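Please keep the sequence and the 3D view at hand while reading.

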Amino acid sequence: MALSREQMARRVARELRDGYYVNLGIGIPTLVANHVPEGIDVMLQSENGLLGMGPFPTEDEADADLINAGKQTVTSRRGAATFDSADSFAMIRGGHIDLTVLGAFEVDVEGNIASWTIPGKMVKGMGGAMDLVAGAGNIVVTMTHASKDGESKLLPRCTLPLTGARCIRRVLTDLAYLEIEGGAFVLRERAPGVTVEEIAARTAGKLIVPADVPEMRF
């Protein structure tokens, strides 16, 4: 059974380490803020100028003046700081982000990522994605494994305009957790109830399947 958006966020949250500065991209990545593990102290950064995001607010907590880069209302944790976007991008471009979690339209076996435009369709645009993939060496992409039409998003070569080249090493989809090594996707974990055969059928790029592929833990 494919993972829900919340389950995907929970699995990504396992990649957090104590003391990390973390940027969460638009979409599924923003949900990671709700699943920071107990005992882990991280500072979540948004490129519109907020360091120290907390979980999403309840209806009573919502403050229309406190938003993330996707214009969603957020909370701030103790010790949070706000500043202008120029300082925020200086932090990103200066290599001060320990982990970036991004969404994507496509990822390929070379670690290329396409996440900012689909020709002929109206999408929000690039945002800070190009700066993030250039300034962060530790990136996790989270996305659905295939489109609504069943077309694989894990490809031999991206077909859409690139956000970054050879910068992605880890991908979490609703079906699997994979690493990119040697021009191939290496299957490391599978969603509970999802078979290796199902994952292989929806992966267009070269897929390496180790002898043991465990189900994800939550």
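Glu-106 stands opposite Ala-114 in strand β7. This is a predicted model, in which local features need pLDDT of at least 70 and side-chain atom pairs count only at pLDDT 80 or more, while totals for chains, interfaces and linings use all residues. Residues are numbered from 1 along each chain as its sequence is written, and side-chain values use heavy atoms, with hydrogens and water left out. Helices (H or I, at least four residues) and strands (E, at least two) are DSSP runs, numbered from the N terminus. Two strands pair if DSSP finds at least two bridges between them.

**The three-stranded sheet**

- Strand β6 covers residues 106–108, and its pairing with β7 is antiparallel, over two bridges.
- These strands belong to an open sheet of three strands with mixed pairing, in the order β7-β6-β9.
- The edges are held by β7 (113–114) and β9 (154–155); each has a single partner strand, so one side of each is left without a neighbour in the sheet.

**Strand β5 and its partners**

- Strand β1 (residues 21–24) runs parallel to β5, joined by three bridges, and Asn-23 stands opposite Thr-100 in β5.
- Strands β5 and β8 also pair in the parallel sense, over three bridges, with Val-140 in β8 as the bridge partner of Val-101.
- Both faces of β5 are covered: Leu-99 and Val-101 on one side, and Thr-100 and Leu-102 on the other, are all buried. Here buried means under 20% relative accessible area, exposed means over 50%, and partly exposed lies in between (1.4 Å probe, protein chains only).

**Two hairpins**

- Strands β10 and β11 run antiparallel and are joined by three bridges; the hairpin between them passes through two residues.
- Within this pair, Leu-172 stands opposite Tyr-177 in β11.
- Strand β11 also pairs with β12 in the antiparallel sense, over six bridges, and Glu-179 stands opposite Val-186 in β12.
- The hairpin of β11 and β12 has two residues between the strands, and in this hairpin Gly-182 takes a positive phi near 55 degrees.

**Helices and what surrounds them**

- In helix α1 (residues 5–13), the buried residues include Met-8, Ala-9, Arg-11, Val-12 and Ala-13.
- The cover over the buried residues of α1 includes β5 (99–102), β8 (139–143), β10, β11 (176–181) and β12 (184–190).
- Arg-11 lies over the face of Tyr-177, at 4.5 Å from the ring centre; a charge counts as over a ring if NZ of Lys or CZ of Arg is within 6 Å of the ring centre and within 35 degrees of the ring normal.
- Gly-135 is found in helix α3 (residues 129–135) and counts as buried, at 19% relative accessibility.
- Leaving aside neighbours within four places in sequence, Gly-135 is in contact (heavy atoms within 4.5 Å) with Ile-92 and Gly-95.
- Gly-135 and Ile-97 are 38 residues apart in sequence, yet 7.8 Å apart in space, C-alpha to C-alpha.

**The nonpolar core**

- A nonpolar core is a set of buried Ala, Val, Leu, Ile, Met, Phe, Trp, Tyr and Cys residues joined through side-chain atoms within 4.5 Å.
- The largest such core has 55 residues, of which Val-107, Ile-113, Val-141 and Ile-168 touch the most other members.
- Not counting residues up to four places away in sequence, Val-141 touches residues including Leu-102, Val-107, Ile-113, Ile-168 and Leu-172.
- In soluble globular proteins, nonpolar side chains tend to be buried together.

**Residues with positive phi**

- Most residues other than glycine have a negative phi.
- Lys-71 has a positive phi, near 65 degrees; Lys-71 lies in the loop between β3 (50–53) and β4 (76–82) and is exposed, with a relative accessible area of 70%.
- Arg-166 has a positive phi, near 50 degrees; Arg-166 is found in the loop between β9 and β10 (170–173) and counts as exposed, at 56% relative accessibility.

**Cysteines**

- A search of the whole structure finds zero disulfides, a disulfide being a pair of cysteine sulfur atoms within 2.5 Å.
- Cys-158 counts as buried, at 11% relative accessibility, and Cys-167 is buried, with a relative accessible area of 15%.
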